[in-house]
Amino acid sequence: MHHPFLSSELTIPWSQLTASSIEPDITRAIEIAESQLKSICALKDKSPDVLSYQNTIAALDQALEPLGHAWGLVNHLDSVCNDPALRKVYNTLLPTVSEFQASIPLN
């Protein structure tokens with residue numbers, strides 16, 4: 001499946017960023033981030049000696065990048081071309097994204 005909101009291309013594919021793509025892309029971004037966060041958290045169970053900036057803080061930044069980028073595009077679209085379909089999916093996903101983001105500092 002093509003995920004336009006998760007594209008890492010330098011040029012943003014604005015014409016492909018549709019309301020129907022938001023939910024699968026944001027859901028996928030959260031799944032990716034959760035998986036990577038579990039790997040980061042598992043490091044502390046192995047041995048505190050293996051913890052480093054690179055495998056914790058930098059890895060956390062990298063794990064959250066796809067979601068941050070995709071959700072930023074959704075917010076931008078909501079600001080500049082809000083329509084009923086976009087508004088519906090945005091309002092549906094906002095609690096999920098907020099809950100995920102709020103859970104990170106509590107972990």
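Q: What share of the contacts in the protein chain with a separation of 6 or more comes from residues 24 or more positions apart?
A: A contact means heavy atoms within 4.5 Å. In the protein chain, residues 24 or more positions apart account for 58% of the contacts with a separation of 6 or more. This is a predicted model: local features need pLDDT of at least 70, side-chain atom pairs count only at pLDDT 80 or more, and totals for chains, interfaces and linings use all residues. Residues are numbered from 1 along each chain as its sequence is written, and side-chain values use heavy atoms, with hydrogens and water left out.

Q: How many helices and strands are in the protein chain?
A: Helices (H or I, at least four residues) and strands (E, at least two) are DSSP runs, numbered from the N terminus. The protein chain has three helices and zero strands. From the N terminus on, the order is α-α-α. The C-alpha trace spans about 50 × 30 × 25 Å along its principal axes.

Q: Which is buried and which is exposed, serine 20 or serine 21?
A: Buried means under 20% relative accessible area, exposed over 50%, partly exposed in between (1.4 Å probe, protein chains only). Serine 21 has a relative accessible area of 13%, so it is buried. Serine 20 has 61% relative accessibility, so it counts as exposed. Serine 20 is found in helix H1, and serine 21 is found in helix H1 too. Across the 107 residues of the protein chain, 31% count as buried.

Q: Which residues does serine 21 touch, leaving out those up to four places away in sequence?
A: Serine 21 touches Pro4, Phe5 and Gln16.

Q: How many Å separate the C-alpha atoms of serine 21 and serine 79?
A: Their C-alpha atoms are separated by 17 Å, and the two residues are 58 apart along the chain. Now take serine 20 and phenylalanine 100. They are 80 residues apart in sequence and 21 Å apart in space, C-alpha to C-alpha.

Q: How many positive and negative side chains does the protein chain have?
A: Lys and Arg count as positive and Asp and Glu as negative; His and the chain ends are not counted. The protein chain has 6 positive and 12 negative side chains. The centres of the two sets lie 6 Å apart.

Terms used
The place of a charge is taken as NZ of Lys, CZ of Arg, CG of Asp or CD of Glu.
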